[in-house]
Amino acid sequence: EKGYETGEHAPGLKLGGCGAYRAAHHIIKTHAKVWHSYNNTWRREQRGMVGISLTSGWGEPVDPHSQTDRDAAERYIQFHLGWFANPIYRGDYPEVMKNYVGKKSAQQGLGTSRLPTFSVQEKTYIKGTSDFLGIGHFTTRYVLQKNFPFLQVSSYHTDHDLAELVDPNWPAPGPKWLYSVPWGFRRLLNFIKTQYGNPLIYVTENGMSETVQCPQLCDEWRIQYLKGYINEILKALNDGVNVKGYTAWSLLDKFEWNKGFSERFGLYHIDFKNKNKPRYPKASVDYYKKIISANGFPNPREVMS
């Protein structure tokens, strides 16, 4: 969406309400082709796995007793995660995406939906092309119904007819979009289990950034974030979700999309102004080391020998 519709990210194209859908359509078909290529040529010899990594927030209905809010939250997930996961695991775009984009396209007087369609052969070719699902997850939103007025130029953003809210009490030490809401991760993982047949999951991205630099490298908020989110993954494991591995995002401060070096996700602080780019461990490094060595939360009463 940011690359092909709003133009905020590379390649910076502003292709109305169809650019993001067309780009995604090609990504999904290309992914399937790579999976089949590996499956036919290398799998027997190498016994490797090919999957896809998808990033999604969790959408929670503002009022869980309101059907319209529950439907809006469902659309939030289907327009984010389901957009890519549904074709790969179930053979086609989510019905709600097809319905909403089709309806809005018809209102615009377009002969066909702005959401492309897969042929019967393509659906069969794409379905099942993932040996594991990589999940990037950072944050959660409350979601409610919001009808956008009829627009001659619709967009991915207005197609799902919803508004996103946050709880002002949620911790947000980093950028404005990243609130720490650990319980949303367990719900997302259980949604994946239910929707896609409990696939093998690797958490490929999960972390917190800071925009204000702490000179003492005292990122206590990152420690709390990691602790909260990893604990919710543990609960999801106990729910029967098939999570195989976890990767914190990220080892080092790095170049972050259009934010450049100003947004720091790293467990290690990088001095970008020094030509040698020295690295300094933040407080979260020691905490994460303990989690890795214990392969879980260390027992606070255990005496280290």
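Predicted model: local features only at pLDDT ≥ 70, side-chain atom pairs only at ≥ 80, totals over all residues.

Trainee: Why is E205 called partly exposed?

Mentor: Its relative accessibility is 22%. Buried means under 20% and exposed means over 50%, so E205, at 22%, counts as partly exposed.

Trainee: Which residues is E205 in contact with, leaving aside its neighbours within four places in sequence?

Mentor: They are I135, G136, H137, F138, T247 and W249, and contact here means heavy atoms within 4.5 Å.

Trainee: What makes strand 2 and strand 5 edge strands in the sheet?

Mentor: The sheet is open, has three strands in the order 2-4-5, and shows mixed pairing. Strand 2 (58-61) and strand 5 (162-165) each have a single partner strand, so one side of each is left without a neighbour in the sheet. From one strand to the next, the twist averages 40 degrees.

Trainee: How do you know that strand 2 pairs with strand 4?

Mentor: Pairing requires at least two bridges between two strands, and four bridges join strand 2 to strand 4 (residues 140-145), so the two count as paired, and they run parallel. Within this pairing, G59 stands opposite R141 in strand 4.

Trainee: Which helices lie against these strands?

Mentor: Helix 3 (residues 67-90) packs on the sheet, where it touches strand 2, strand 4 and strand 5, and its direction makes about 130 degrees with that of strand 4. Helix 7 (residues 183-195) lies across strand 2 and strand 4, running at about 100 degrees to strand 2.

Trainee: What makes a set of residues a nonpolar core?

Mentor: The residues must be buried, belong to the nonpolar types counted, and be joined through side-chain atoms within 4.5 Å. The largest such set here has 52 residues, and L81 and W83 are those with the most contacts inside it. Among the elements that give two or more residues to this core are helix 1 (19-41), strand 1 (52-55), strand 3 (133-136), helix 7 and strand 6, while helix 3 gives the most, with eleven residues. Not counting residues up to four places away in sequence, L81 touches L54, S56, I135, L188, F191, I192 and Y196.

Trainee: Which residues belong to another core, apart from the largest one?

Mentor: Another core, of nine residues, lies apart from it, and I230, A248, Y287 and Y288 are among its members. In soluble globular proteins, nonpolar side chains tend to be buried together.

How values were computed. Residues numbered from 1 in each chain as written. Heavy atoms only, no water. Axes fitted to C-alpha atoms, helices over the stretch in contact; angles between N-to-C directions. Buried < 20%, exposed > 50% of the residue type's maximum accessible area, 1.4 Å probe, protein only.
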